[in-house]
Amino acid sequence: MPPRRSVLFGRGSWPEASRVAQVLRQETIGGALLLAGAVIAVVWANSPWSGAYESMRAFTVGPASWHLDLSLATWAADGLLAIFFFVAGLELKREFVAGDLRDPRRAAVPIAAAFGGVLVPALLYLVITRGVDGAAAGWAIPSATDIAFALAVLAVIGRFLPSALRTFLLTLAVVDDLIAIVIIAVFYTVDLSPAALLGALVPLAVFTFLVQRRVQAWWLLLPLAAATWVLVHESGVHATVAGVLLGFAVPVAQRRKAGGGPEAGPGLAEHFEHRFRPLSAGLAVPVFALLSAGVAFGGLDGLSSALSDPVSLGVMAGLVLGKPVGILAATWSVGRFTRADLDRDLAWVDVVGLSILAGIGFTVSLLIGELAFADDHATTEHVKIAVLTASLVASVLAAVVLRLRNRVYRRIHLAETADLDHDGIPDIYQSTESQGTSPGETSTGMTHRRR
């Protein structure tokens, strides 16, 4: 009998699916808070009390001697988002050290999709804004997917979306965030101070030494993390980079002898993730949205002018068109290269809907927009309007596509949650563990192991 072909978007292992489900629940709540913060900001900025909103954003606090006399808006972008990227660093490291994505074949699809979802929007943006003076600085704005925003939308339009697709979206967004932070560090760093950057390695090294020995004392780790953040901020590199570096320093496995696999049990990275994800999703990102999303539309004329700006058109085209095209092209290419078949329960229209949903760019897109056009207030405001508009359009389009398949998703959802034994572990996974995988059977993206 010929070997079975690889499968795209099959079910992953039950322990990993359970962990991802828990993460998605927290991110969905965070997404609802993010949306609330964004709505409050937009309404406030267009109300008679808009002056109070701008005064709040511009209110300065912090020690000037350490160059930390920053506005509240800057504290949100540089400080609170460092927590967001710390959690992203923890999540990404865990996925590739102890998660289902340890297998390169499974990791290939979301990684390729993330890169495709960055490259194509950037190229489309540059094509649309060619010839516009200074516009090229914003090429990375449509590159990021906002997982909290996307999951909040998904909670309304796709409650029964198969777990493999949800996991794919989560992993894609995490890799997307890592690419974004590399872009920020490399392309949006000005006035680099090598001395401060080298100095940041000292508290980072001590932090790494302690966490590698499973030290959890906050009174030791928090000052070291703060010192790393301050020195990275002083170096000219965006301070959120410190969050990713600190996240990568935390070990994943509980016991070295377990080799980093799931059998090692919850490690320090997972412990920190449980502790800081609610802080990130429930406070850091919503407050950033409140302090960053507020933009005065200036009536219909102002809105029309903003949306006709080539920069705005480039951002919207990148998110609404570039993202799905890049993700779909990369996913299809991996499947073609590996000769993988789409899971028999799914169709390519499901991937289309998910790719459109990935066009929701908010947190990181707004951050890069502020960095790219820091000296051009009008363009920054136009970018905000474009990001908000594109995210709304992507949400509506994704809702239309995914709702058409809701009956299929319900059937898959029932199959995934059926046959629970007395321990609460689906029989489909138990039989897989006991029977093993057929010779020659492989998986690309998320493995679908059947009875």
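Trainee: How far apart are the end C-alpha atoms of α8, and what span should its 18 residues give?
Mentor: The end C-alpha atoms of α8 are 25 Å apart. At 1.5 Å a residue, its 18 residues should span 26 Å, so the two agree. The expected span is 1.5 Å times one less than the number of residues. Helices are DSSP runs of H or I with at least four residues, strands are E runs of at least two, and both are numbered from the N terminus.

Trainee: What should I know about the model itself?
Mentor: This is a predicted model, where local features need pLDDT of at least 70, side-chain atom pairs count only at pLDDT 80 or more, and totals for chains, interfaces and linings use all residues. Residues are numbered from 1 along each chain as its sequence is written, and side-chain values use heavy atoms, with hydrogens and water left out.

Trainee: Back to α8. Which of its residues are buried?
Mentor: L221, L224, A225, T228, W229, V232, H233 and S235. Buried means under 20% relative accessible area, exposed means over 50%, and partly exposed is in between (1.4 Å probe, protein chains only).

Trainee: What covers them?
Mentor: The cover for the buried residues of α8 includes β3 (70–71), α3 (72–97), α7 (194–212), α9 (240–249) and α10 (268–292). Contact here means heavy atoms within 4.5 Å.

Trainee: And L222, is that buried or exposed?
Mentor: L222 is exposed, because its relative accessible area is 52%. L222 sits in helix α8, residues 218–235. With W218, W219 and L220, L222 makes a nonpolar surface patch of about 500 Å². Patch residues have over 30% relative accessible area and no salt bridge; nonpolar side chains (Val, Leu, Ile, Met, Phe, Trp, Tyr) are joined within 5 Å, like charges within 9 Å. Areas come from the Shrake-Rupley method with a 1.4 Å probe, and for residues only the protein chains shown count as cover.

Trainee: What happens just after α8?
Mentor: G236 takes a positive phi of about 100° there.

Trainee: How about α7?
Mentor: α7 has 19 residues and reaches 27 Å from its first C-alpha to its last, close to the 27 Å expected. Its buried residues are A196, A200, P203, L204, F207, L210 and V211. The buried residues of α7 pack against α8, α9 and α10. Just after α7, R214 has a positive phi of about 65°.

Trainee: Switching topic. How many residues are in the largest nonpolar core?
Mentor: The largest nonpolar core has 104 residues. F9, F168, L169, V315, L357 and F362 have the most contacts inside it. Helix α6 (residues 163–187) gives the largest share of this core, 13 residues. Apart from it lies another core of 17 residues, among them F207, L221, A225 and F272. A nonpolar core is a set of buried Ala, Val, Leu, Ile, Met, Phe, Trp, Tyr and Cys residues joined through side-chain atoms within 4.5 Å.

Trainee: Now charges. How many salt bridges does a search of the whole structure find?
Mentor: The search finds seven. A salt bridge is a side-chain nitrogen of Lys or Arg within 4 Å of a carboxyl oxygen of Asp or Glu.

Trainee: Give me one. Where do E91 and R277 lie?
Mentor: Their side chains meet in a salt bridge at 3.2 Å, N to O. E91 lies in helix α3 and R277 in helix α10, so the pair ties together parts that are 186 residues apart in sequence. E91 is buried, at 2% relative accessible area. R277 counts as buried too, at 4%.

Trainee: What about E270 and R94?
Mentor: The side chains of E270 and R94 meet in a salt bridge at 3.6 Å, N to O. E270 lies in α10 and R94 in α3, so this pair ties together parts 176 residues apart in sequence.

Trainee: Last one. What does R405 pair with?
Mentor: R405 meets D350 in a salt bridge, 2.8 Å from N to O. R405 is in the loop between α15 (377–403) and α16 (406–417), while D350 is in helix α13 (residues 348–357), 55 residues apart. D350 counts as buried, at 0% relative accessibility.
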